[in-house]
Amino acid sequence: MSPSTPASATEAAVAPGALAARAVAGADTAGRRNLFRRHPTLVGGVACLALILIIGVAAPLWGTVDPTSLRPIARLRAPAAEHWFGTDQYGRDIYSRTLYGGRISLLVGVIVALASLVLGVGIGLVTGYYRRLDAAVMRVMDGLMAIPAILLALALMALMRTSVRNVIIALVVPEIPRVVRLVRASVLSLREQTMVEGARALGARTPRILGLYILPALVAPLIVQGTYICASAILFEAYLSFLGAGTPPDIPSWGNIMAEGRAYVQRAFWIILFPGAFLAATVLAVNVVGDGLRDLLKVR
């Protein structure tokens, strides 16, 4: 046997693995291209949302200063090299306040979406499966949905102190009925499916049926619903802060920044322009992601 035979055998053994790895890499690349081709808005929305998230989380790394520091000598300065987004009536840097304000909006949006989904799914599963509770619980939910969400949030904030935690609570309450109705409607149809009836006939307990047979079928619509709740919460937080019933004035948020700058809009329009642009871009990106996920997951 020649000395080159072992090396040839090794290459022959390695070659199939290398070919398989290349095939997998090629398939991944093709999959990404197909995803971008079929759902360009989803990819664009995710990219925009990821950029805004990175900007907010890493705000101290982008040349910002203390967003609460006052410099009366530099009040109402137009955007320039020293202050990229200008300054407000107290000399605070709008660029720094806008970047740090994204943290509050994104935090409120994510927590409100998660809390609404968790509470709404729990109530909706029980309500849809046990028909005796359906009438009483759904009448309460209908009553909450009869009140516009922003008015209900304002009423709840009037009963509590202004803080980020209370804003989250005030925004979660109006969103729960919408999740409950979505989950209840799905449970009413799924509970009559053959698999659920078979599991019930085999003696499966209700928690097992809800957790293994019904809940997995709700994942796709709940993901889409969560994106819409997140966008709505970000927008409503800005509404509450703009009206003076949201986050405290000492905490920079997009709504607070615009509320403080509305009296100077004719003299210093940049106080409202930049946080408003970031708010619009964030809400648009979240809604675009929700629409893309709806098409991708084929939610009806």
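Guide: Residues are numbered from 1 along each chain as its sequence is written, and side-chain values use heavy atoms, without hydrogens and water. Because the model is predicted, local features need pLDDT of at least 70 and side-chain atom pairs count only at pLDDT 80 or more, whereas totals for chains, interfaces and linings use all residues.

Visitor: Why is Val43 called partly exposed?

Guide: Buried means under 20% relative accessible area and exposed over 50%, with partly exposed in between (1.4 Å probe, protein chains only). Val43 has a relative accessible area of 29%, so the residue counts as partly exposed. Val43 has its place in helix α2, and its C-alpha atom is separated by 9.2 Å from that of Val288, 245 residues apart along the chain.

Visitor: What makes Tyr129 and Tyr130 an edge-to-face pair?

Guide: Rings of Phe, Tyr and Trp (its six-membered ring) pair if their centres lie within 6.5 Å; planes under 30 degrees apart count as stacked, over 60 as edge-to-face and the rest as tilted. The ring centres of Tyr129 and Tyr130 are 5.5 Å apart and the planes stand at 80°, so the pair is edge-to-face. Tyr129 is buried, with a relative accessible area of 7%, whereas Tyr130, at 38%, is partly exposed.

Visitor: Why is the pair of Phe85 and Phe278 called tilted?

Guide: The centres of Phe85 and Phe278 are 6.4 Å apart, and the angle of 55° between the planes falls among the rest, so the pair is tilted. Phe85 lies in the loop between α2 and α3 and Phe278 in helix α11, so the pair ties together parts that are 193 residues apart in sequence.

Visitor: How do you know that the charged end of Arg262 sits over the ring of Phe242?

Guide: A charge sits over a ring if NZ of Lys or CZ of Arg is within 6 Å of the ring centre and within 35 degrees of the ring normal. The charged end of Arg262 is 4.9 Å from the centre of the Phe242 ring and is counted as sitting over it.

Visitor: What makes up the lining of the largest pocket, by residue class?

Guide: With Ala, Val, Leu, Ile, Met, Phe, Trp, Tyr, Cys and Pro counted as nonpolar, Asp, Glu, Lys and Arg as charged, and the others, Gly among them, as polar, the lining divides into 16 nonpolar, 2 polar and 1 charged. Helix α3 gives the most to this lining, with 8 residues.

How values were computed:
Helix = DSSP H or I, 4+ residues; strand = E, 2+ residues; numbered from the N terminus.
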